[in-house]
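Subject: Structure handover

Hello,

Here is the structure for you to take over.

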Amino acid sequence: MTTVDDLNVPAVSEVSGPARLAEPGEGITTEELQLAARNHGIPLEALRYDVTPAGLHYLLIHYDIPELDAETHTLTVDGAVDRPLTVSLAELRERPRVTRRVTLECAGNGRTLLEPRAVSQPWLVEAVGNAEWTGTPLAPLLREAGIDPQAVDVVFTGADHGVERGVEQDFQRALPVTDALREEVLLAYEMNGAPLLPQHGAPLRLIVPGWYGMAHVKWLRSISVLTEQFQGYQNASAYRLRQDAGDPGVPVTRIEPRALVRPPGFPDFMSRTRVVRPGPCTLDGRAWSGHAPIVGVEVTTDGGATWAPATLDEPTGGDFAWRRWRYEWTAEPGRHVLGARATDASGRTQPVEQPWNRGGFANNLVQRVEVAVIPE
């Protein structure tokens, strides 16, 4: 019998290298630049919007954007259920309609700021957005299917297919049953009042308020209920907080608290250093957490030497949407480093020094915004 080796056909693993850390002093690679060209973060000046316009919302696409037809697309629910289901998008639209304002953040946001960095999508701090997602709650559909009392995980499969670290796969993520049954979780078909765009998961995606972006499976085509823990790549291997390659780690789940400063003044083209005129200057930005509502934001204008409380605006979108903060600063000539740190109702606060992990995940280290205050 002729084998792949006989034909000298490469195995899938040969086109997909293992995870690695950058060497000391190694710059951004061509592969990372290629990823950065496909994916994008929010322009930080867009923090002024309560709801992020779809074209400014951060974007991460693991493989290719699949070609799907909303008219014929269906969602299956199977596995450890009493009544397997197949529903069309039209049928989902006939179910109760809910709109939720939810902040999404990539689990790798801040990865490039860790040393040594994980070689992957080179995020700084811009992998975030706050949109209004419309769809129907997931829990009633699962209850209609009749979940086995012994069920452990619910697996969500997207239509995007690729190879990652040598593993060929459809993109799949799982939630524990208790999380999948939360009333906030949506099967979303609209973003900001319009049908989903192809890059944002059209025609159907999952929205899991409070969780990092990898859980919000796009191009959703199937849901499977398991009576054992899901061992797929994106759960068991990819999104784990680990210290070395042999460490099994712990799963990445909910978003850690973070505040971002909307950069004041105007920027230098290359460095993005801000130029501000002396005098009164209102600093503002957004803060969020997936664990609990934001209860406080502190601001520094001297690189963390001192901190002062900011004023929080009233919430505008519920517990899972970002919240605006403001701080009145008197800008004096010279160089300054601005930053903000958030605290949520669970007592979690952003660190000034971030604990390192091999994947560069959940890095909510305080942002640094360099400002030159220059008289006209």
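Below are notes on pockets and aromatic contacts.

This is a predicted model: local features need pLDDT of at least 70, side-chain atom pairs count only at pLDDT 80 or more, and totals for chains, interfaces and linings use all residues. Residues are numbered from 1 along each chain as its sequence is written, and side-chain values use heavy atoms, without hydrogens and water.

Pockets. The largest pocket holds about 1200 Å³ of space. It has 39 lining residues, with L35, V119, S120, E164 and R165 nearest its centre. (On a 1 Å grid over the protein atoms alone, for a 1.4 Å probe, a pocket is an open set of points with protein on both sides within 12 Å along at least five of seven lines; lining residues have an atom within 4 Å of a point. A volume is the space filled by probe spheres set on the points, which are joined across faces, edges and corners.) The second largest pocket has about 740 Å³. It is lined by 26 residues, and L44, L124, V125, E126 and R272 are closest to its centre.

Rings. The whole structure has three aromatic pairs (Phe, Tyr or six-membered Trp rings with centres within 6.5 Å; planes under 30 degrees apart are stacked, over 60 edge-to-face, the rest tilted). Y58 and W123 are edge-to-face, because their planes stand at 80°, with centres 6.1 Å apart. Y58 is buried at 7% relative accessible area, and W123 is buried at 3% (buried means under 20%, exposed over 50%, partly exposed in between, with a 1.4 Å probe and protein chains only). Y239 and F361 form a tilted pair, 5.1 Å between centres and 35° between planes. Both Y239 and F361 are buried.

Best wishes
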